[in-house]
Amino acid sequence: MSASPRIVLIHAVEVAIAPVHAAFAETWPEARLVNLFDDSLSPDRAAEAELTPRMSGRIRTLARYAADAAADGVLFTCSAFGPAIEAAAEDLTPLPVLKPNEAMFTAALAAGSRIGMLATFAPAAETMKQEFADAAAQAGKPDAVLRTIVVEPAMAALRKGDAEMHNHLLAEAAPALADCDAVMLAHFSTSRALSAVSAALPGMRVLTAPVAAVEALRAALSAPRAGGAAARAGR
């Protein structure tokens, strides 16, 4: 792995950018970050009842663009496109292409089988339920239960620039998950509510996605891989 690998971050919402940049600064400051941001992805996804082939194609196109831009690794920061990201990852093997929540799910399942999740974007919460079920099966915990609370007004507040209200609304909803073994903050954007939610759930393990995702991508790039830069150049 290069001492300063080129990591392409693919964003669908502006509010996810700062948290992932902070996670890299904390965990992997040597990485060189490139940002791809399509602000039409989130509203277009919200307008559709399901993740359509057309939308999945857009995700795969963004991933291929990242590969063509000489990425050493790709990290998506929006949790609403899981199946499409999986397809893109298969297309671009051996280039590591990570979903935003894979590592967080692993950490949550290590804490127990009753997992709570606070979300602010309903379409993402729906796709994450299936991703969690898949992760639970892979972890040998097929009976693990995910309880999700969607706090949509929190996202509306954050988009208006009111992070304090965003955090307050999530913390206000959190006690309903007090009987869980761990609670996940579903999106990169919700990670900013960690302190407020932790205060509302004393003693509870509260997990966020950005740092876990950065650590997982760094580990993936450190593992031996076939192909590498030469393989990417042929795409």
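Author: A cavity is a set of grid points where a 1.4 Å probe fits but cannot get out. The model discussed here is predicted.

Reader: How many cavities of 30 Å³ or more does the count come to?

Author: The count takes in cavities of 30 Å³ or more. By this rule, the number is one.

Reader: What is the volume of the largest cavity, and how many charged residues does its lining have?

Author: The space in the largest cavity is about 80 Å³. Its lining includes Val 13, Cys 78, Phe 121, Met 155 and His 187. By class, seven lining residues are nonpolar and five are polar, while the number that are charged is none.

Reader: Which elements give two or more residues to the lining of the largest pocket?

Author: The largest pocket holds about 230 Å³ of space. Among its lining residues are Glu 86, Lys 99, Phe 105, Leu 109, Asp 134 and Gln 138. By class, the lining has four nonpolar, two polar and five charged residues. The elements that give two or more residues to this lining are α5 (102-111) and α6 (122-138).

Reader: Which class has eight residues in the contact of α1 with α10?

Author: From α1, the contact includes Pro 19, Val 20 and Phe 24, and from α10 it includes Val 211, Val 214 and Leu 217. By class, one residue in this contact is polar and three are charged, and the class with eight is nonpolar.

Note on methods. Residues numbered from 1 in each chain as written. Predicted model: local features only at pLDDT ≥ 70, side-chain atom pairs only at ≥ 80, totals over all residues. Heavy atoms only, no water. 1 Å grid on protein atoms, 1.4 Å probe; cavity = no way out; pocket = protein on both sides within 12 Å on 5 of 7 lines; lining within 4 Å. Points joined across faces, edges and corners; volume = space filled by probe spheres on them. Nonpolar A, V, L, I, M, F, W, Y, C, P; charged D, E, K, R; others polar. Contact = heavy atoms within 4.5 Å. Helix = DSSP H or I, 4+ residues; strand = E, 2+ residues; numbered from the N terminus.
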